[in-house]
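Welcome, and thanks for taking a look. Please have the sequence and the model side by side as you read.

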Amino acid sequence: MTFAGLLAFLGLAVVTMDVLGGVLAMGMLLRGGTMRHLLAFAGGYVAVVVAATLVLHPLLTLLGRWLHPVLESNDAIGAVEAVVGLALIGFGVHQFRAASQPPGPHGPLEERAAPKRLATVPLVLGGVAFAGTALADPAFTIAVGMASQEQHLTLRIALLVVWNLVYQLPLATVIVAAAVGRHEQIVARVLEIFSPRRRMLQTVLAAVLVLAGLAVLADGAVALLGGHVPWLRQLIMLR
């Protein structure tokens, strides 16, 4: 994989980073969970992701042969970009509307209904269910496909491990924080920083989504109207 390919590969993990895992893990700890419960949840997630990766690698190789004519077509990829661009604009508009609404009332975390003692097996199953959010994310499939282009098995595994650690950085951060007993300080600091700025941050996110959507839509339109190679095709073909 070239340096440009590596930047795109890791950038994909940063852009699509999954914050839900960190939120769920923090909630477990604040409800009386231990490191054992947290590792059970993460273990269920990891088991499914590893199994899915092992299945996806040969499947993507096979599909790559079948979809080669599509991937070589600027018009086909341009049409996909147009759809993605419209979706991003739609998400951005939704975020603008959400930012204009006042936050709903809620009590302190410790007052919300949740079991104080957490069983291990349900948390493993919870981690398995949570893995579905990663499998449904197109970024996961793209990352496996990009890593599959690397011929050396050891390096391919290392790339995927690093990608998943970045993708689930909030979850990994909570696990490390819990291991050193700092998770309560972290959640207090996050609430202190982000709660008063919720509307501003949500508006900024909405603006970023809309601008990204317009850029992707424009790139797809140019590809459909001329001989431009779409960004998505350039990403897929990176080595």
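Leaving aside neighbours within four places in sequence, which residues is Trp163 in contact with? Contact here means heavy atoms within 4.5 Å. The partners of Trp163 are Phe9, Leu12, Ala13, Thr16, Ala139, Phe140 and Ala143.

## Basis and confidence

This is a predicted model, in which local features need pLDDT of at least 70 and side-chain atom pairs count only at pLDDT 80 or more, while totals for chains, interfaces and linings use all residues. Residues are numbered from 1 along each chain as its sequence is written, and side-chain values use heavy atoms, with hydrogens and water left out.

The average pLDDT (the predictor's confidence in each residue, from 0 to 100) is 79 for the protein, and 82% of the residues score at least 70. Over residues 106-116 the pLDDT is below 50, and this stretch has 10 contacts in the model beyond near neighbours in sequence.

## The nonpolar core

A nonpolar core is a set of buried Ala, Val, Leu, Ile, Met, Phe, Trp, Tyr and Cys residues joined through side-chain atoms within 4.5 Å; buried means under 20% relative accessible area, exposed over 50%, partly exposed in between (1.4 Å probe, protein chains only). The largest such core has 34 residues, and Phe9, Leu38, Tyr45, Phe140 and Trp163 have the most contacts inside it. Helix 3 gives the largest share, eight residues. Helices (H or I, at least four residues) are DSSP runs, numbered from the N terminus.

## Arg36

Arg36 belongs to helix 3 and is exposed, because its relative accessible area is 52%. The C-alpha atoms of Arg36 and Leu123 are 9.9 Å apart, although 87 residues separate them in sequence.

How values were computed
Helices (H or I, at least four residues) and strands (E, at least two) are DSSP runs, numbered from the N terminus.
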